[in-house]
Amino acid sequence: LWRGLTDQNRASWNEAVNNWQRTDVFGDLKTPSGFNLFMRLCTPLQNAFGDVIIGLYAPTPVEMPALSEVTATFVTGTSALNLATTVANTLDLEQYVYNIYATAPQSAGKSFVKNDFRQIGWVEADAPTRNIADLYNAKFGTLPVDSNVQIRVQALSRATGQLGVPFDVKVNF
């Protein structure tokens with residue numbers, strides 16, 4: 001897709017990189033190349049929607065949903081895994097989707113699962129509560145008893161491809 005852009009379009013991505021600087025783990029400010037910025041924003045959109053819907057010209061960053069609370073509860077007998085989200089700022093949540101990650105069943109005492117998260121799917125951000133049991137079951141099988149699962153929620157802007165800060169929650173079964 002990058003190679004298919006015109007020189008003028010690629011120049012707009014190269015000029016926009018200062019709006020998308022990040023601080024790395026060492027505290028150094030890093031500026032991506034135009035190509036890296038294009039890939040950073042287009043890849044999540046491609047994964048979520050199957051088609052890159054980002055414009056030819058580089059977007060400007062948008063405000064992301066500030067997840068203030070995420071709760072996940074397992075409803076025994078119904079096999080429902082309900083995910084509820086609360087957003088601190090007032091945004092039109094129709095412009096966002098949530099990227100949902102989860103871990104396979106873990107022993108009750110395990111808490112460090114950084115490398116165990118696997119993407120299980122995308123859900124609309126505008127519903128306050130949703131059942132994600134089908135997404136979980138498709139990836140890991142039936143929800144287990146006497147174990148725990150960790151879930152990570154990360155917002156994605158439909159307009160820019162920008163990813164928000166992830167929010168983690170632990171669910172005991």
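Is strand S8 (residues 148-157) largely enclosed by the rest of the structure or exposed, and why?

What you see is a predicted model, in which local features need pLDDT of at least 70 and side-chain atom pairs count only at pLDDT 80 or more, while totals for chains, interfaces and linings use all residues. Residues are numbered from 1 along each chain as its sequence is written, and side-chain values use heavy atoms, with hydrogens and water left out.

Confidence comes first. The protein chain has an average pLDDT of 86, and 95% of the residues reach at least 70; pLDDT is the predictor's confidence in each residue, from 0 to 100. Among the elements, the lowest mean pLDDT, 82, belongs to strand S3 (residues 67-75), and the highest, 94, to strand S2 (residues 29-30).

Now the overall layout. The protein chain has 3 helices and 9 strands. Helices (H or I, at least four residues) and strands (E, at least two) are DSSP runs, numbered from the N terminus. Along the sequence the pattern reads α-β-β-α-β-β-β-β-β-α-β-β. The C-alpha atoms fill a box of roughly 60 × 35 × 30 Å along the principal axes. Of the 173 residues, 40% count as buried. Buried means under 20% relative accessible area, exposed over 50%, and partly exposed in between, with a 1.4 Å probe and protein chains only. The accessible surface is about 9,500 Å², and carbon and sulfur atoms account for 50% of it; these areas come from the Shrake-Rupley method with a 1.4 Å probe, and for residues only the protein chains shown count as cover.

Back to S8. In this strand, 9 of the 10 residues are buried, so S8 is largely enclosed by the rest of the structure. S8 belongs to an open sheet of 4 strands in the order S6-S5-S8-S9, with antiparallel pairing. Two strands pair if DSSP finds at least two bridges between them. S6 and S9 are the edge strands, each with a single partner, so one side of each has no neighbour in the sheet. On average, neighbouring strands here are turned by 25° against each other, direction ignored.

On one side of S8, 7 bridges join it to strand S5 (residues 96-102), and the two run antiparallel. Within that pairing, Tyr96 stands opposite Ser157, and Ile100 opposite Val153. Helix H2 (residues 34-49) packs on the sheet, where it touches S5, S6 and S8, and its direction makes about 115° with that of S8. H3 also packs on the sheet and touches S5, S6 and S8; its direction makes about 155° with that of S6. Axes are lines fitted to C-alpha atoms, for helices over the stretch in contact, and angles run from 0 to 180 degrees between N-to-C directions. Contact means heavy atoms within 4.5 Å. S8 is also joined to strand S9 (residues 167-172) by 6 bridges, again antiparallel, and Arg152 has Asp168 as its bridge partner in S9.

Next, the other sheet. It is open and has 3 strands in the order S3-S4-S7, with antiparallel pairing. Its edge strands are S3 and S7 (129-131), each pairing on one side only. The twist averages 20° from one strand to the next. Between S4 and S7 there are 3 bridges, and Ala84 stands opposite Thr129 in S7. Thr85 lies in S4 (residues 80-87) and is buried, at 10% relative accessible area. Leaving aside neighbours within four places in sequence, its contacts include Leu67, Tyr98 and Arg130.

What about the nonpolar cores? The largest has 25 residues, and those with the most contacts inside it are Leu81, Leu83, Tyr98, Ile100, Ile151 and Val153. Elements that give two or more residues to this core are S3, S4, S5, strand S6 (118-124), helix H3 (133-140), S8 and S9. A second, separate core of 11 residues includes Leu5, Ala16, Trp20 and Leu41. A nonpolar core is a set of buried Ala, Val, Leu, Ile, Met, Phe, Trp, Tyr and Cys residues joined through side-chain atoms within 4.5 Å.

Last, an exposed residue. Thr23 sits in strand S1 (residues 22-23) and counts as exposed at 55% relative accessibility. Not counting residues up to four places away in sequence, Thr23 touches Asp28 and Leu29.
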